[in-house]
Amino acid sequence: MQAQLTCFEPNCRAHFPIDEVIYTCPSCGGLLEVTYDATTANAGGWKSLWRERRTSNTPLDASGVWRYREILPFDGETDHVVTLREGNTALLEGPRAAEYAGLDRIRFKHQGFNPTGSFKDNGMTCGATQAVRLGKRRVACVSTGNTSASMAAYAAAAGLDPIIFLPHGNISFGKLSQALEYGARTIQVDANFDQILALVRTLSEQLGIYLLNSINPFRIEGQKTIQFELMEQLDWHPPDWVVLPGGNLGNVSAFGKALREMLAFGLISKMPRLAVVQAEGSAPFYALMHGEGPFRAVAHPETLATAIKIGDPVSWPKAQREIRESNGVVEKATETEIADAKAVIGRCGIGCEPASAATLAGIRKLRRAGVIRGDDNVVAVLTGNVLKDPDYIYGYHTGTLKQPDGQLIAGAFQNKPVVAPNDTDAIMKLLEG
Ligand code: F0G
């Protein structure tokens with residue numbers, strides 16, 4: 001379909017060609033989104049085409065993003081696609097997690113099964129492709145870790161020069177290591193995510209570096225496919241709820257847009273409700289949606305779920321629209337609630353990083369409050385792989401994990417490793433105990 005960039009602000013809605021290097025509206029400063037001429041939408045034809053492509057081995061069809069290229073920008077022009085066969089992520093049953101949350105059933109869509117271990121790959125393949133199309137050499141982002149890992153990988157694959165800005169001391173070692181391994185120039189700044197984003201936006205403009213944060217509308221387009229793939233896995237029968245963690249709020253913007261488009265194109269016949277869960281110490285969107293005045297940034301966000309340690313999310317206007325349009329809700333969870341929920345997801349044999357577990361913690365609270373019903377059909381999106389933050393896991397299970405205020409987390413599902421002598425009798429005794 002023919003695509004263009006459109007200002008998100010209802011009073012502006014100015015249009016721009018997709019090859020213009022802009023991240024916000026030049027007329028009013030609003031956020032931008034990709035819009036399509038939907039006259040060529042063909043729900044029935046697309047469903048069978050996308051299914052058929054699953055049997056194809058061409059790189060484009062084997063990608064869980066580009067398989068859905070009819071609903072992505074570039075109108076079939078795919079010469080510049082940068083793919084690491086992203087997407088294709090599993091939808092898994094979590095019976096123990098369902099019991100924990102008070103549900104009959106829960107399913108997890110695990111974006112941690114992506115090439116760099118997070119949902120960012122779905123967006124980055126599209127963003128990196130646009131960088132190549134535009135002839136950009138250098139790409140940049142600020143990140144709490146996953147965006148940078150993903151951008152570094154896709155830039156390396158495309159032969160681009162990645163420059164990464166990180167909040168010094170506030171990202172997990174796993175994620176930092178990925179950026180180094182993929183060869184990104186890595187700059188750790190003594191500031192928080194929100195402060196660095198302002199800095200990087202200025203630097204990219206002045207130095208002509210292509211910005212690949214989720215303010216970039218092409219990232220959002222790629223992330224839409226998480227929902228297209230999910231609905232296809234559910235044979236196009238939408239669940240009652242799609243639940244996800246919220247940080248910079250790019251992903252909820254992508255999910256809401258995907259669901260609205262699927263409804264408009266006739267691919268689904270009802271809209272699931274979106275539920276966003278934030279960490280209690282970094283919850284400006286929760287405050288906004290619970291009527292605590294106009295949007296107000298959290299100056300000093302805190303949470304051990306460092307992926308979502310963001311106080312001034314750029315995409316909040318889009319996220320607000322998507323929550324309203326899907327009759328959605330926003331919840332928040334404490335450090336202990338997130339940590340315990342994460343251990344429960346682990347005990348399902350699934351595992352995820354801390355931010356992802358905010359979903360289950362939030363679902364449990366929403367269930368207890370009667371917002372989600374026990375027999376509701378719930379899908380939680382796990383955004384990052386269990387191996388992203390092993391220090392957190394070790395701390396939790398050994399009772400040494402400290403909250404930002406210094407208090408120890410007394411995890412309900414601790415599982416301490418045991419040190420044993422090299423002695424059969426001693427170990428037998430231990431196993432009988
Ligand atoms: N979960 C994980 C694992 C993340 O890495 C992020 C964001 C989110 C959830 C929140 O998604 O920002 O779209 O609301 N990580 C970004 C990063 C900010 O830099 O990697 P969001």
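1. Leu-199 sits in helix 7, which runs over residues 193-207 (helices are DSSP runs of H or I, at least four residues, numbered from the N terminus). This is a predicted model, where local features need pLDDT of at least 70, side-chain atom pairs count only at pLDDT 80 or more, and totals for chains, interfaces and linings use all residues. Residues are numbered from 1 along each chain as its sequence is written, and side-chain values use heavy atoms, with hydrogens and water left out.

2. Leu-199 counts as partly exposed because its relative accessibility is 40% (buried is under 20%, exposed over 50%, partly exposed in between, with a 1.4 Å probe and protein chains only). Together with Leu-203 and Leu-207, Leu-199 makes a nonpolar surface patch of about 240 Å².

3. On the inside, there are 4 cavities of 30 Å³ or more (a cavity is a set of points on a 1 Å grid over the protein atoms alone where a 1.4 Å probe fits but cannot get out; lining residues have an atom within 4 Å of a point).

4. The largest cavity holds about 300 Å³ of space. Its lining has 25 residues, with Phe-119, Lys-120, Gly-247, Asn-248 and Ala-307 nearest the centre. Helix 5 (146-158), helix 8 (217-233) and helix 9 (250-264) each give two or more residues to that lining. By class, the lining splits into 9 nonpolar, 13 polar and 3 charged residues.

5. The second largest cavity has about 60 Å³ of space. Among the residues lining it are Thr-144, Asn-192, Phe-193 and Lys-309.

Key: Patch = residues over 30% accessible without salt bridge, like charges linked within 9 Å, V, L, I, M, F, W, Y side chains within 5 Å. Areas by Shrake-Rupley, 256 points an atom, 1.4 Å probe, with all protein chains shown as cover. Salt bridge = Lys/Arg side-chain N within 4 Å of Asp/Glu carboxyl O. 1 Å grid on protein atoms, 1.4 Å probe; cavity = no way out; pocket = protein on both sides within 12 Å on 5 of 7 lines; lining within 4 Å. Points joined across faces, edges and corners; volume = space filled by probe spheres on them. Nonpolar A, V, L, I, M, F, W, Y, C, P; charged D, E, K, R; others polar.
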